[in-house]
Amino acid sequence: MGLILCGKHGQSGVVPFVSKKLSNEISLGNIVNIKDFSILHVIFYDDDEILGKDKYYLMKEELPQEAITSNPIKIYTDEDENKLNILLGSSFLGGGYCVICFESWIQLLNLK
Ligand SMILES: [Zn+2]
């Protein structure tokens with residue numbers, strides 16, 4: 001886990017999969033409802049075995065077309081993972097959020 005400099009908490013852990021745009025909107029207090037953004041689920045497989053799951057938080061308009069038709073996105077190979085990184089890279093560059101702030105935001109939305 002990387003570190004981020006939070007205005008409230010100082011140096012803090014970072015939730016990496018929050019898009020830059022969504023991060024800004026959360027900071028401004030503009031995102032108050034699950035309808036205001038999207039959660040993209042990504043599942044990593046080794047053959048049929050699930051290796052791990054990630055959640056990507058982003059604005060609705062940032063959700064790639066591919067992800068609208070298939071959510072969760074299933075990753076089987078390195079190639080799939082590269083494709084995902086290309087698909088999402090520009091939205092998440094410079095994104096991420098303080099882990100403590102993000103937790104309280106999630107709780108506020110009652111998303112757990
Ligand atoms: Zn914080």
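**View 1. Strand β2 and its antiparallel partner β6.** Strand β2 (residues 10–15) runs antiparallel to β6 and is joined to β6 by two bridges, strands being DSSP runs of E with at least two residues and helices DSSP runs of H or I with at least four, both numbered from the N terminus. V15 has Y97 of β6 as its bridge partner. The model is predicted, and local features need pLDDT of at least 70, side-chain atom pairs count only at pLDDT 80 or more, and totals for chains, interfaces and linings use all residues. Residues are numbered from 1 along each chain as its sequence is written.

**View 2. The open sheet β1-β2-β6.** Three strands, in the order β1-β2-β6, make up an open sheet with antiparallel pairing, where two strands pair if DSSP finds at least two bridges between them. Because β1 (3–6) and β6 stand at the edges with a single partner strand each, one side of each is left without a neighbour in the sheet. Confidence in the chain is highest in β6 (residues 97–98), at a mean of 96, and lowest in helix α2 (residues 65–69), at 82; this is the pLDDT, the predictor's confidence in each residue, from 0 to 100.

**View 3. The kinked helix α3.** Helix α3 (residues 78–92) has a kink of about 35 degrees centred on I86, the bend being the angle between axes fitted to the seven residues ending at a residue and the seven starting there. L84, L88, S91 and F92 of α3 are buried, that is, each has 20 or more other C-beta atoms within 10 Å of its own, with C-beta atoms placed from the backbone. The buried residues of α3 pack against α1 (20–28), β3 (37–46), β4 (49–59) and β5 (73–75). Just after α3, G94 takes a positive phi of about 80 degrees.

**View 4. The largest nonpolar core around L22.** The largest nonpolar core has 22 residues, and L22, L40 and L58 have the most contacts inside it; such a core is a set of buried Ala, Val, Leu, Ile, Met, Phe, Trp, Tyr and Cys residues joined through C-beta atoms within 7 Å. At least two residues of this core come from each of α1, β3, β4, β5, α3, β6 and α4 (99–109). Apart from its neighbours within four places in sequence, L22 is in contact with I31, F37, Y57, L58 and M59, contact meaning that the C-beta atoms of two residues, placed from the backbone, lie within 7 Å.

Technical notes:
Buried ≥ 20, exposed ≤ 12 C-beta atoms within 10 Å, placed from the backbone.
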